[in-house]
Amino acid sequence: MPDQPPGLTSTPEWRALAEQRDSLKKTSMRSLFASDPERSNRYCIEGAGLALDFSKNLITDETLAALISLARQRWLEERRTDLLEGRKVNTTEGRPALHTALRHPGGEQILVDGVDVVKEVQNTLDRMEVFVNSVLDQSRTGFTGKTFTDVVSIGIGGSYLGPKLVVEALQPYWNGAISCHYVANIDGTDVCETLKRLNPETTLFLIQSKSFRTQETLENSKVARQWFLDNGGDEASIASHFVAVTANVPAAESFGIEADNVFPMWDWVGGRYSLWSAIGLPIALTIGMDHFRSLLAGAHAMDRHFRDAPLERNLPVIMGLLSVWYNNFWQAETHAILPYDHYLRSLPDHLQQLDMESNGKSVTESGASLDYQTGPVIWGGVGSNGQHAYHQLIHQGTRLIPADFIIPLTTHNPVATHHAELFANCLSQSRAMMAGKTLDEARQELLQEGVTEEVARQLAPHKAIPGNKPSNTLTMETVSPETVGALIALYEHRTFVQGVVWNVDPFDQWGVELGKQLGKSILPKLLSQDAISSAGDSSTDHLIRKFRSANGL
């Protein structure tokens with residue numbers, strides 16, 4: 001296999017998909033369902049406790065076959081093996097991307113530079129279990145001997161979004177012993193408002209930073225440390241209240257954290273893929289290690305499905321290829337994530353980072369400029385709230401916006417008929433996107449309401465719904481550690497599939513690094529008492545002067 005696949009848009013597979021698009025432009029999903037009573041059965045697949053109905057998409061069997069051919073032409077199966085076996089798929093940084101090893105149950109080796117990373121992961125899980133149990137059984141206490149009641153996770157990006165999502169999603173499994181709080185934003189309001197509610201004697205801090213140099217995390221950690229010292233703690237007792245997850249042990253020790261309270265991060269785990277590691281300590285403290293291990297087991301079940309299922313019946317593969325289909329052949333610029341479950345309300349936030357930080361690229365792995373679009377804008381929110389807000393744009397706007405509807409079959413809170421009504425809302429929205437309402441149907445509906453023919457003719461265009469808007473529906477029996485683990489892993493692998501097709505590195509994020517670099521040069525200009533040199537452009541210089549003037553500098 002050569003180092004790089006051939007140019008994407010010049011391949012026969014790409015041209016075949018363009019022909020598929022042209023043939024489907026005047027086809028309605030209504031007609032596809034009407035002509036094929038078995039469509040929903042054929043376009044429904046299951047894996048790792050999840051079921052995907054992708055029948056409400058602008059595809060035929062020929063389209064699906066063409067998408068699978070494109071995946072094979074892009075060496076998806078070989079790239080998948082590279083990913084799972086620890087080869088250096090993060091090409092610009094020369095690293096593996098072994099988040100799958102974090103949830104591997106053991107029993108086989110995965111070697112990175114001669115080191116068995118599965119063994120290292122299992123050792124860390126065992127250390128996490130000892131730590132979590134010591135907090136929950138109250139053998140580990142604060143500096144005055146009081147039991148810990150709160151944990152503050154200080155991190156940003158993947159160190160924040162992933163754990164927050166999972167802790168919220170698994171609220172029915174909370175042990176009730178620990179309340180979890182998050183500080184991420186460098187806006188001082190975030191950390192100050194969080195600390196106001198806490199007692200330093202009973203608060204545990206987790207500093208989550210691979211480098212222990214991330215500006216937002218380090219500055220917020222300094223504020224938390226000073227708050228602790230100003231409210232009864234001392235230097236010696238920092239060791240009882242501060243724990244770090246980092247690869248930079250010396251920096252953590254300089255902060256006052258004992259080496260025994262530092263949990264490892266590895267360079268083969270990106271932040272947005274890290275919740276399965278010790279970055280997941282907020283999760284483990286909130287739900288206990290047994291449920292945390294179940295979360296890992298659910299993710300590993302999806303890893304096995306991704307590895308073993310035929311491409312045609314593979315959830316991440318199908319979802320990834322459908323995203324390519326709409327992004328590149330139908331000019332869909334965004335993708336909506338619509339979880340119909342309150343516990344999953346932060347899923348769109350996590351998937352924004354996962355997808356957009358991974359595939360927001362404009363060059364191939366070899367550095368060549370792309371002549372096609374890559375990652376879509378990911379957005380969304382919890383159903384059914386969105387129906388009374390932005391669904392209008394999906395139904396009647398001029399943009400094509402594919403959507404994923406996600407809903408459990410049963411609820412943890414069976415109040416009256418709420419869950420049935422929620423499920424009805426979910427199904428009705430996906431059906432409305434697919435079927436729409438024709439102009440004549442809108443006119444006949446108005447006539448049945450008793451309006452005149454003239455009024456019906458005038459109003460019907462406003463009530464007509466184009467339809468033919470694609471969506472997937474993902475279901476699971478219930479929201480549980482296993483299904484949440486599988487769901488997140490599904491989207492991780494979906495993101496990888498897209499990256500393979502587009503021939504981009506989905507594991508680096510150099511655009512993020514540029515902002516950090518510029519921030520380091522601008523900060524001294526904001527704080528200096530002396531005259532400053534230009535930041536490089538008149539707009540930035542003007543805004544620096546405004547800040548300095550407002551703050552008396």
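**Exercise 1. The nonpolar cores**

Determine how many residues the largest nonpolar core has, and which of them have the most contacts inside it.

*Solution.* A nonpolar core is a set of buried Ala, Val, Leu, Ile, Met, Phe, Trp, Tyr and Cys residues joined through side-chain atoms within 4.5 Å. Buried means under 20% relative accessible area, exposed over 50%, and partly exposed in between, with a 1.4 Å probe and protein chains only. The largest such core has 117 residues, and Trp268, Trp325 and Leu487 have the most contacts inside it. Helix H21 (residues 481–502) gives the most to this core, namely 12 residues. Helices (H or I, at least four residues) and strands (E, at least two) are DSSP runs, numbered from the N terminus. Apart from this core lies another, of 19 residues, including Ile154, Ile207, Phe255 and Val262. In soluble globular proteins, nonpolar side chains tend to be buried together.

The model is predicted: local features need pLDDT of at least 70, side-chain atom pairs count only at pLDDT 80 or more, and totals for chains, interfaces and linings use all residues. Residues are numbered from 1 along each chain as its sequence is written, and side-chain values use heavy atoms, with hydrogens and water left out.

**Exercise 2. The surroundings of Trp325**

State which residues Trp325 is in contact with, leaving aside its neighbours within four places in sequence.

*Solution.* Contact means heavy atoms within 4.5 Å. With those neighbours set aside, Trp325 touches Leu17, Gln20, Arg21, Leu24, Leu58, Ile59, Thr63, Leu67 and Trp330.

**Exercise 3. The six-stranded sheet**

Give the order of the 6 strands in the open sheet, and describe their pairing.

*Solution.* Two strands pair if DSSP finds at least two bridges between them. The order is E1-E2-E13-E12-E10-E11, with mixed pairing. Strand E1 (44–47) and strand E11 (377–380) are the edges, each pairing on one side only. Strand E2 (residues 50–53) and strand E13 (residues 471–476) run antiparallel and are joined by 4 bridges; Leu52 has Leu474 in E13 as its bridge partner. Helix H16 (residues 347–359) packs on the sheet, where it touches strand E10 (334–339), E11 and strand E12 (403–408).

**Exercise 4. Strand E10**

Explain why E10 is largely enclosed by the rest of the structure, and find its partners.

*Solution.* First, 6 of the 6 residues of E10 are buried, so the strand is largely enclosed. Thr334, Ala336 and Leu338 point one way, while His335, Ile337 and Pro339 point the other way. Next, E10 runs parallel to E11, joined by 4 bridges, and Ala336 is the bridge partner of Trp379 in E11. E10 also pairs with E12 in the parallel sense over 4 bridges, where Leu338 has Phe405 as its partner.

**Exercise 5. Strands E5 and E6**

Describe how strand E5 (residues 150–154) and E6 pair.

*Solution.* They pair in the parallel sense over 5 bridges, and Ile154 stands opposite Val183 in E6. Of the 5 residues of strand E6 (residues 179–183), 4 are buried, so this strand is largely enclosed by the rest of the structure.

**Exercise 6. Cysteines**

*Solution.* A disulfide is a pair of cysteine sulfur atoms within 2.5 Å. The whole structure has 0 disulfides. Cys180 is buried, at 19% relative accessible area, whereas Cys192 is partly exposed at 42% relative accessibility.

Conventions. Axes fitted to C-alpha atoms, helices over the stretch in contact; angles between N-to-C directions.
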